[in-house]
Each structure stands twice: as C-alpha cells, then as structure tokens.
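Please read the numbered points alongside the display.

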Amino acid sequence: NIPISGAAEVQKSSERICELKPGHIIGTALAFTGDPSPVRVTFTEPARYMHWSLSSLRRFVDMRPDLRTALQGLISRDLAQKLNTVIQNQGDAQQRR
C-alpha cells in the first residue's frame, strides 16, 4: 500500500512509532520477508491509497526484472527513512525524560 493522500500512524504494542505521509510504503516487512508486520498501521485522517496484493505484485515484477530492481530500491530507501525516523523519535523521547 502506498498512501496518495492522508496520513497514517505506525504503532507497536500501543506505542506510537512514527507517522507515514503520502509516498511512504506500508508493508515493507511483508514485501521483503512475506511475513506479517510486527506493527499496526492506522490511517489518522481521510486518505486515498494504492494497493496491490503481494501475490499479484510478485507475479507482475517476476516478468519485469528491471522493475523488480527499481522497486526493491524504493522499498530499501523507504525502510531506511523509516528507521531514521524511529531512531530520531527515540532520541527525542529520551531527551524529554
């Protein structure tokens, strides 16, 4: 899923981890591993998003290796941005304590 408009909140064990804006990929863990995500994502405002089933997406990119490589690059960058946000949020939380 990729939000086109709106925002979503990522939570783990009822703790807010970060907010996702349009363009972020929802389900990066599933895309890489095929395993369910350990986090919950909830839209926090009205939103529009694009959705593909994992099986359909895999079939589509299996026929297009160049697109698979580009998509893996996008997913990697998105995941790196999310990790940076989480690390920054944890640092901010520790400073407030």
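1. Buried means under 20% relative accessible area, exposed over 50%, and partly exposed in between, with a 1.4 Å probe and protein chains only. Tyrosine 49, at 44% relative accessibility, is therefore partly exposed. The model is a predicted one, in which local features need pLDDT of at least 70, side-chain atom pairs count only at pLDDT 80 or more, and totals for chains, interfaces and linings use all residues. Residues are numbered from 1 along each chain as its sequence is written, and side-chain values use heavy atoms, leaving out hydrogens and water.

2. A search of the whole structure gives 1 aromatic pair (Phe, Tyr or Trp rings, the six-membered one for Trp, with centres within 6.5 Å). The ring centres of phenylalanine 43 and tyrosine 49 are 5.3 Å apart and the planes lie at 20°, so the pair is stacked; planes under 30 degrees apart count as stacked, over 60 as edge-to-face and the rest as tilted. Phenylalanine 43 is partly exposed, at 32% relative accessibility.

3. Glycine 34 lies in the loop between helix H1 (28–33) and strand E4 (40–43); helices (H or I, at least four residues) and strands (E, at least two) are DSSP runs numbered from the N terminus. Its relative accessibility is 34%, so glycine 34 counts as partly exposed. Neighbours within four places in sequence aside, glycine 34 is in contact (heavy atoms within 4.5 Å) with Ala29, Leu54 and Arg58. The C-alpha atoms of glycine 34 and leucine 54 are 8.2 Å apart, although 20 residues separate them along the chain.
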